[in-house]
Amino acid sequence: MTFGEKLQKLRAREGLSQDALAELLNVSRQAVSRWERDETMPETEKVVRISDCFHVTTDYLLKDGPEHFPPASRPLPDPGEVWRKYGFLLAWAAALWGVTICLRMLPMAIMAWGNAWPASVYLSIVCLLPGTSVTAAGALLARRWQRAGRFRRQDLGRALTLASGLMMVPVSLAWLLDHLLPEGERPGGSPYSGFTVRFLLVFLTLGLLLALLPPRKGREKKTE
């Protein structure tokens, strides 16, 4: 097997996309693609990193033989590798938890429609938005994690911003309705206590900081 064929099989064995492998090696996806097509060879430093990543020797990568493909199993899996490959399942679990919250609150949202329609819409949002925000944030983090092949603080920041921002919608809506509707049709103020609102603002600020801070220089520039 050529170097490119070995690299492609090793990547497939670990369930990594070309984008994910490029992130791990701090190179572009096009560079990985050219390596796998045997159009170019990586630098010595990258060969060493590839061997460390897939737990094979550099001799196996660079020599034409033998044809034997190294097994994927190891006696003790590396915790960091397990977290990188399967940690996104926790984010999907959070998204599923959000769905269960929505299902539990659905009867209350339906019962809310016995009031005037502005209040009914408002109360339905109050009932369903917490579960919806958890579901949306968990799904966003899981998808970004899977796409990148690793956990990134920018993606966590986006998820926190999305969840806390959605949770603030009822607060803003209550303020708006209290200023637009007659007194008898108003929903009755914020659905959260002052402490909860401050808590959400802290999470919103933290999420924005994590999402907007530039990545580390080691990850920022990619080499060919």
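## Helix 2 against helix 3

Helix axes here are lines fitted to C-alpha atoms over the stretch in contact, and the angle between two of them runs from 0 to 180 degrees between N-to-C directions. In this predicted model, helix 2 (residues 18-25) packs on helix 3 (residues 29-36) at an angle of about 110 degrees, and the two axes are 8 Å apart. Helix 2 is therefore roughly perpendicular to helix 3, since angles of 65 to 115 degrees count as such.

On the helix 2 side, the contact is made by Q18, D19, L21, A22 and L25. Helix 3 contributes R29, V32, S33, W35 and E36.

## Overall fold

The protein chain has twelve helices and zero strands, and its pattern along the sequence reads α-α-α-α-α-α-α-α-α-α-α-α. Of its 224 residues, 39% count as buried. Among contacts in the chain with a separation of 6 or more, 67% come from residues 24 or more positions apart.

## Nonpolar cores

The largest nonpolar core holds 21 residues, of which L7, L21, V27, W35, I50, F54 and L61 touch the most other members. Two or more residues each come from helix 1, helix 2, helix 3, helix 4 (44-54) and helix 5 (58-62). Helix 2 gives the most to this core, with five residues. L21 and W35, both among the core members that touch the most others, also take part in the contact of helix 2 with helix 3.

Beyond residues up to four places away in sequence, W35 touches F3, G4, L7, L25, V27, T40, M41, P42, K46 and I50. Among these partners, L7, V27 and I50 are listed with W35 among the core residues that touch the most other members. A second, separate core has eight residues, including F88, A91, L141 and A159.

## The loop between helix 1 and helix 2

Two buried residues of this loop can be described in turn. E14 lies in the loop between helix 1 (3-13) and helix 2. Its relative accessibility is 9%, so E14 counts as buried. The side chain of E14 is joined to that of R13 by a polar contact of 3.0 Å. Leaving aside neighbours within four places in sequence, E14 is in contact with F54, E81 and K85.

L16 is placed in the loop between helix 1 and helix 2. With a relative accessible area of 8%, L16 is buried. Its contacts, apart from neighbours within four places in sequence, are R11, L21, L24, F54 and R84. The C-alpha atom of L16 is separated by 7.1 Å from that of G149, a residue 133 positions away along the chain.

## Loop residues with positive phi

D38 has a phi near 60 degrees, a positive value in a residue other than glycine. D38 is located in the loop between helix 3 and helix 4, and its relative accessible area of 36% makes D38 partly exposed.

H55, in the loop between helix 4 and helix 5, likewise has a positive phi, near 60 degrees, and is a residue other than glycine. At 42% relative accessibility, H55 is classed as partly exposed.

## Around helix 8 and helix 9

R152 sits in the loop between helix 8 (117-148) and helix 9. This arginine counts as buried because its relative accessibility is 18%, and the cut-off for buried is under 20%. Setting aside neighbours within four places in sequence, R152 is in contact with E23 and R144.

A163 belongs to helix 9 (residues 153-167). A163 is also buried, with a relative accessible area of 18%. Apart from neighbours within four places in sequence, A163 is in contact with S133 and A137. A137 lies 26 residues from A163 along the chain, and their C-alpha atoms are separated by 5.5 Å.

Note on methods:
Residues are numbered from 1 along each chain as its sequence is written. This is a predicted model: local features need pLDDT of at least 70, side-chain atom pairs count only at pLDDT 80 or more; totals for chains, interfaces and linings use all residues. Side-chain values use heavy atoms; hydrogens and water are left out. Helices (H or I, at least four residues) and strands (E, at least two) are DSSP runs, numbered from the N terminus. Angles under 35 degrees count as roughly parallel, over 145 as roughly antiparallel, 65 to 115 as roughly perpendicular and the rest as oblique. Contact means heavy atoms within 4.5 Å. Buried means under 20% relative accessible area, exposed over 50%, partly exposed in between (1.4 Å probe, protein chains only). A polar contact is a pair of N or O atoms within 3.5 Å; within protein, one must be able to donate a hydrogen and the other to accept it, and residues adjacent in sequence count only if both atoms are side-chain atoms. A nonpolar core is a set of buried Ala, Val, Leu, Ile, Met, Phe, Trp, Tyr and Cys residues joined through side-chain atoms within 4.5 Å.
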